[in-house]
Amino acid sequence: MKKKIQYILVSISLLITGALFSSCNDFLDILPKGEKIPTTLADFDAFIRNESNHLNDATQAINLLNDVYMKPSSLTSVTLNSINYNWQENEDRIEQNNSDEALYYYSYSAIANWNLIISSVPDATECTQAERDELIAQAKVLRAMNYFYLTNYYAEAYNSTTAATKLSVPQILSMDMGAPSTQITIEKMYGFILQDLTEALPALPEEGTTVLHPTLGTAYAMLARVYLTMGDYTNALTYAEEALKQNDELYDWRTYYEQNKEQIEKPDDWSTSYPAIGLNNPENYIFRYGTNTQKNFGQSGVNGALTITRAALFEEGDARFASKWKAKYEAPDDIFYGIRNDKFNGGGISTPEMYYIKAECLARKGGQENIDEAMNVLNAVRVTRIFADKYAPLSAATTEQAVKYIISEKANEYVQTAIPFWDMRRLNQDALYARTLTKEFNESTLTLSPTSHLWIMPFPLGATSNPGNGTIKQNVER
């Protein structure tokens, strides 16, 4: 499936970061001076076209996994970054999280916009009913995506035995800035997310006007992601396969490397001026930014550096790795420096994720035939990532072995995104796959256990101290 990319930046924005819990009685009271009240379908569609509504920040999740290099000099004082990066369980992250955290405020600002579309587009002018239905459906997919990110950052991992009693995040369904919020349970939040996605399906297009507009493939892929996180591997498989029917294209990193080999291999050159992989990457179901460093919308994002230890987790001959990072000494460490400068889809959804979900779900069905099929699906991705002279198809004799291969490859594909964080939270609940992370720092061995409270991020103090017309209870003690 090829997407028609119509990349348009618009100035209409009815929200400012952090304004969600203001005391305004009417949402439109905060309309910026000089902006018009949206009435036509094009007015409302502008909210989706605006890149500033498409940030799913994962900075602290990336820090926790050590999926990015941080200089030792930046870890000498106690900050939110250092606590998560060095797994300082005795430190109080709630106290340190005293500024407006990007994930929380960008997400709720975007949710208010999606609520505006859902509630107001039924009265939109200059359009057909089918166009109204499509835009409302797209807003529901985007709202579901934002609530999924929030819940899988600030609440415990989904567990069917506790989801009905454990709290998730505040649910807000109105565009009114003074509307009450309710911090609902994890079970109710997942039910709401699934409802938004399934209700959207009938009206979604197969191709989006832009890569920021959800499509039928986007909704199927999001359903696969949600069901996987819930441990419902039957439904996750069904929707991953449906998503792949809409788009199963894979980018060939081997070809990209060969085309840019001369510059990549140039000694002492760490420039980032390689041909960019933009919004038209054929793998994209939907594009969204994934870290706060990419919040200058319209600008490209350079891959963060990797430690030697993290780089070693990539398979020998990985063309993705060779195309994105290059060895460099930056005192006092040897690192792998990021040399890409692309429109990095760190917060959206792309086709490789659906291959990995399909593969894991097949492996979990058990039986050698299903395991073999799972490995075939995994190898379909690997053959576009591993140089031909290093490539050998992987095989597995057990479900456990297959799943570990799949999770490892998926973590490398989506390093510096939230996806490995979600997977580890899910797998930490299973003794077969739970892992204790270890590393050396300042001649000490540091560890992060599967049961650590650090896997749940604290709400920012700005939210808990000013919750608006509702209450917010921290889901973690510190």
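The following dialogue explains how to read several features of a predicted model.

Q: What kind of model is this, and how are residues numbered?
A: This is a predicted model, in which local features need pLDDT of at least 70 and side-chain atom pairs count only at pLDDT 80 or more, while totals for chains, interfaces and linings use all residues. Residues are numbered from 1 along each chain as its sequence is written, and side-chain values use heavy atoms, with hydrogens and water left out.

Q: How is a pair of aromatic rings described?
A: A pair is described by the distance of the ring centres and the angle of the planes. Rings of Phe, Tyr and Trp (its six-membered ring) pair if their centres lie within 6.5 Å; planes under 30 degrees apart count as stacked, over 60 as edge-to-face and the rest as tilted. By this rule there are 25 aromatic pairs. With ring centres 5.2 Å apart and planes at 65°, Y251 and W253 are edge-to-face because of that angle.

Q: Which other pair is edge-to-face, and why?
A: F287 and Y289 have ring centres 5.1 Å apart and planes at 85°, so this pair is edge-to-face.

Q: Which residues do ring pairs link into a cluster?
A: The cluster consists of Y104, Y105, Y108, Y147, Y153, Y154, F192, F421, W455 and F459.

Q: Where does the charged end of K328 sit?
A: A charge sits over a ring if NZ of Lys or CZ of Arg is within 6 Å of the ring centre and within 35 degrees of the ring normal. The charged end of K328 is over the ring of Y337, 4.2 Å from its centre. K328 also lies over the face of W270, at 5.1 Å from the ring centre.

Q: Which helix holds N115?
A: Helices (H or I, at least four residues) and strands (E, at least two) are DSSP runs, numbered from the N terminus. N115 belongs to helix α5, residues 102-120. Of the 19 residues in α5, 18 are buried.

Q: What surrounds N115?
A: Contact means heavy atoms within 4.5 Å. Apart from neighbours within four places in sequence, N115 is in contact with R143, I172, L173, S174 and M175. The side chain of N115 reaches the backbone oxygen of I172 at 3.0 Å. N115 counts as buried because its relative accessibility is 1%.

Q: Where does R49 lie?
A: R49 is in helix α1, residues 41-49. A relative accessible area of 15% is why R49 is buried. In sequence R49 and H213 are 164 residues apart, yet their C-alpha atoms are 7.5 Å apart in space.

Q: What is the order of strands in the open sheet of three strands?
A: Two strands pair if DSSP finds at least two bridges between them. The order is β5-β7-β6, with antiparallel pairing. The edge strands β5 (306-307) and β6 (325-330) each pair on one side only.

Q: How many bridges join β6 and β7?
A: Six bridges join β6 and β7 in the antiparallel sense. These two strands form a hairpin with two residues between them, and E330 has D333 in β7 as its bridge partner. β5 and β7 (residues 333-338) pair over two bridges; L306 stands opposite F336, and T307 is the bridge partner of I335.

Note on methods: Buried means under 20% relative accessible area, exposed over 50%, partly exposed in between (1.4 Å probe, protein chains only). A polar contact is a pair of N or O atoms within 3.5 Å; within protein, one must be able to donate a hydrogen and the other to accept it, and residues adjacent in sequence count only if both atoms are side-chain atoms.
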